[in-house]
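Let's take a walk through a protein together.

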Amino acid sequence: MPLVRIDVNRTQDPRRTRAVADAVHEAIVEVYGIPARDRFQIITRHEPGEIIAQDAGLGFERSDDVVMIQVFTQAGRDTPAKQTLYSTLAANLAEQGVAGEDVFLGYFENTAADWTFGFGRAQYVTGELDTPRA
């Protein structure tokens, strides 16, 4: 049950933004085996110049089509699983016309006690929801 934030420039066509969100979700479903309806995404479209994403010294430039992704999920997945997610996500986004250099992802882990789906209860802790397996 990852929570995913996706930031793009407002110059991107809204249909393409939805296709990007779908591609991100499909990668997570495929690699992590979560249910398809276990989808929590926040998409923010920014004015030009509000996303600053330089190359971090890797020797490439990003375009205005940059897609900034943050994945918040429970801890427990190993590095190979994360790397598979990253490569699958990049491949899915490439199918939507997003260049590899325009994909940036930050991955954040937490515990079952760090989630509530409503009603002021931590449903993974109370047993109302099964804790996702790594």
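On a 1 Å grid over the protein atoms alone, a cavity is a set of points where a 1.4 Å probe fits but cannot get out, and its lining residues have an atom within 4 Å of a point. Grid points are joined across faces, edges and corners, and a volume is the space filled by probe spheres set on the points. This is a predicted model, in which local features need pLDDT of at least 70, side-chain atom pairs count only at pLDDT 80 or more, and totals for chains, interfaces and linings use all residues. Residues are numbered from 1 along each chain as its sequence is written, and side-chain values use heavy atoms, leaving out hydrogens and water.

How many cavities of 30 Å³ or more does a search of the whole structure find? There is one, and the largest cavity holds about 50 Å³ of space. Among its lining residues are Pro2, His25, Asp38 and Phe40. Helix 1 and strand 2 are the elements that give two or more residues to this lining. (Helices, H or I of at least four residues, and strands, E of at least two, are DSSP runs numbered from the N terminus.)

Now find the sheet: four strands form an open one in the order 2-1-3-4, with mixed pairing. Two strands pair if DSSP finds at least two bridges between them. Strand 2 (40-46) and strand 4 (103-110) each have a single partner strand, so one side of each is left without a neighbour in the sheet. Strand 1 (residues 3-9) pairs with strand 2 in the parallel sense over seven bridges; Val8, for example, has Arg45 in strand 2 as its bridge partner.

Technical notes
On a 1 Å grid over the protein atoms alone, a cavity is a set of points where a 1.4 Å probe fits but cannot get out, and a pocket is an open set with protein on both sides within 12 Å along at least five of seven lines; lining residues have an atom within 4 Å of a point.
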